[in-house]
Amino acid sequence: MTTLDTPFPPAALTVLDVIRSRRTVDISLLKPDAVPREVVEAILEAGTWAPNHGRTEPWRFTVFTGEGRAQLAEVFAQAYAAGSAPDREDGAALEAQRARAWRAPLWISLELHMPEKPKMPEWEEQAAVACAAQNMWLAATAFGLAGKWVSGPVMVSPVAAELLGAPKLLGLLFLGYPAGELPSSTRAPLSEKVTWVE
Ligand SMILES: Cc1cc2nc3c(=O)[nH]c(=O)nc-3n(C[C@H](O)[C@H](O)[C@H](O)COP(=O)(O)O)c2cc1C
């Protein structure tokens, strides 16, 4: 829990607490338990409330859960096979890619769909998708879930994007219920990052 000595309103304390308790976890820390559909929908809804310049809402999400993860397993395997890893044609390496999809109960792709006639530069649209990702991650944290935004070569591969029907893939967010204690994390003190002009 965040302990603050200031008389902040309860809603602020709750938000600050969720922000502080969101943690990146290894996939091995997740229980296999499915995330209820209504929880997933609430998380996605939180994503769509992200700020976006010009109301372009440039995000699209593909949700992989349950048996649907078989499709994601193929996406991972094909993206890996198309990459430059030395063992990309190795059967065991491809199986490991497929197996990864089953290790988290819920995967949400973070897709960028630029408007047909872009009004804003691409970086702004990417930033909007990142805001959506953070909204979803925070909402998931509030539901007791943990996970990771994964953005390695397979996760942002143009091949994976094409298989998902996405012009650009900014990675995936995997989520699940943690089996144990969340790892701790640190941040540099504000004094190293903030300049006050008063
Ligand atoms: C855009 C983005 C991409 C990330 N990609 C990865 C990744 O591919 N692999 C990984 O282990 N963590 C990834 N992370 C998570 C960071 O490593 C993590 O946020 C950082 O270690 C701090 O941990 P915390 O989130 O628990 O505070 C990513 C985070 C962001 C914002």
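Is E57 buried, exposed or partly exposed? E57 is partly exposed, because its relative accessible area is 42%. On this scale, buried means under 20% relative accessible area, exposed means over 50%, and partly exposed is in between (1.4 Å probe, protein chains only).

## Before we start

This is a predicted model, in which local features need pLDDT of at least 70 and side-chain atom pairs count only at pLDDT 80 or more, while totals for chains, interfaces and linings use all residues. Residues are numbered from 1 along each chain as its sequence is written, and side-chain values use heavy atoms, with hydrogens and water left out.

## The whole protein

The protein has 7 helices and 5 strands. Helices (H or I, at least four residues) and strands (E, at least two) are DSSP runs, numbered from the N terminus. Read from the N terminus, the order of the elements is α-α-β-β-α-α-β-α-β-α-β-α. Along the principal axes, the C-alpha atoms fill a box of roughly 60 × 45 × 35 Å.

Of the 198 residues in the protein, 38% are buried. The accessible surface is about 11800 Å², and carbon and sulfur atoms hold 56% of it. Such areas come from the Shrake-Rupley method with a 1.4 Å probe; for residues, only the protein chains shown count as cover. Now for contacts, which means heavy atoms within 4.5 Å. Among contacts with a separation of 6 or more, 77% join residues 24 or more positions apart.

Helix α2 covers residues 37-48, and its 12 residues reach 17 Å from the first C-alpha to the last, close to the 16 Å expected at 1.5 Å a residue. The expected span is 1.5 Å times one less than the number of residues. Its buried residues are V39, V40, I43, L44, A46 and G47. They lie on the same side of α2 because they cover an arc of only 155° around the axis. That arc is taken from the directions from the helix axis to the C-beta atoms. The face turned away from the buried side carries the exposed residues R37 and E38.

What do the buried residues of α2 pack against? Their partners are β1 (59-60), β2 (63-65), β3 and α5 (122-142). In the loop between α2 and β1 we find R55 and also E57. R55 is not a glycine, yet it has a positive phi of about 50°; E57 is not a glycine either, and its positive phi is about 40°. R55 counts as exposed because its relative accessible area is 76%.

## Helix α4

Helix α4 (residues 91-102) has 12 residues and reaches 17 Å between its first and last C-alpha, close to the expected 16 Å. Buried here are A93, L94, Q97 and A101. Their arc around the axis is only 105°, so they are on the same side of α4. The cover over these buried residues includes α3 (69-81) and β3 (106-112).

## Helix α5

The 21 residues of α5 should span 30 Å at 1.5 Å a residue, and the end C-alpha atoms are 30 Å apart, which agrees. Its buried residues include A128, V129, M136 and W137. The buried residues of α5 pack against α1, α2, β1, β3, β4 (146-150) and β5 (168-176). After α5 comes G144, whose phi is positive, near 85°.

R22 sits in the loop between α1 (10-21) and α2. R22 counts as buried because its relative accessibility is 10%. Beyond its neighbours within four places in sequence, R22 is in contact with Q134, W137, L138, T141 and R187.

R22 is also one of the residues that surround the ligand, together with R23, T24, K148, W149, V150, S151, G152, S185 and R187. Near here means that a heavy atom of the residue lies within 4 Å. The protein covers 57% of the 620 Å² of accessible area that the ligand has on its own.
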